[in-house]
Amino acid sequence: MKEKERQFSFTSENLEKAKKFIKMYPKGREGSAVMPLLYLIQEQCGWVPRSAMCYIADMLCIPHIRVYEVANFYTMYNLKPVGKYLVQICRTTPCWLCSSEEVLDAFKKKLGIDVGETTKDNLFTLKEVECLGACVSAPVVQINNDFYENLTPQKVENIVVELSNK
């Protein structure tokens with residue numbers, strides 16, 4: 001770590017949720033709760049800091065590296081801060097065949113950023129992800145918890161304007 005990260009701890013409400021998640025797994029298998037706990041951290045912080053990974057590893061009595069491996073494997077966990085709107089563009093074959101490349105280019109142009117970057121105003125972060133599970137409505141983009149389907153470059157323009165004005 002280059003900078004000293006602030007120590008993480010769950011809010012009292014999230015600590016209760018974490019305990020409920022852990023209780024869902026058999027004795028001796030509490031480490032299986034790592035994924036819901038990582039997601040809970042992300043809901044609380046907006047991303048998953050390393051100090052939070054260590055916190056849940058200690059809570060689950062598992063090696064820190066196990067949590068780090070899970071957090072790094074899945075694209076659903078953000079390992080650095082993201083903008084207010086996390087734009088996740090599906091790049092798998094069905095979306096690609098339906099012009100997801102044009103949709104990606106429209107986001108890049110409208111936002112003035114590339115994949116993996118965040119706008120200077122911290123409103124938008126652009127990310128490529130694997131299948132979002134809405135192939136019938138390709139191309140698809142997930143922005144935070146909302147899905148936008150059957151996208152075109154013009155629809156991208158409208159979405160960005162609408163979200164920028166919220």
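Residues are numbered from 1 along each chain as its sequence is written, and side-chain values use heavy atoms, with hydrogens and water left out. As the model is predicted, local features need pLDDT of at least 70 and side-chain atom pairs count only at pLDDT 80 or more, while totals for chains, interfaces and linings use all residues.

Let me begin with the whole protein. It has seven helices and four strands; these are DSSP runs, helices being H or I with at least four residues and strands E with at least two, numbered from the N terminus. Their order from the N terminus is α-α-α-α-β-α-α-β-β-β-α. The C-alpha trace spans about 50 × 35 × 25 Å along its principal axes.

I turn now to helix H2, residues 34-45, which contains Tyr39. Tyr39 counts as partly exposed because its relative accessibility is 33%, the class between buried, under 20% relative accessible area, and exposed, over 50% (1.4 Å probe, protein chains only).

Which residues of H2 meet H3? Val34, Leu37, Leu38 and Ile41 in H2 meet Ala52, Met53, Ile56, Met59 and Leu60 in H3, where contact means heavy atoms within 4.5 Å.

Finally, Lys80 sits in the loop between helix H4 (64-73) and strand E1 (85-90). Apart from neighbours within four places in sequence, Lys80 is in contact with Trp47 and Gly116. Between the C-alpha atoms of Lys80 and Cys95, 15 residues apart along the chain, the separation is 26 Å.
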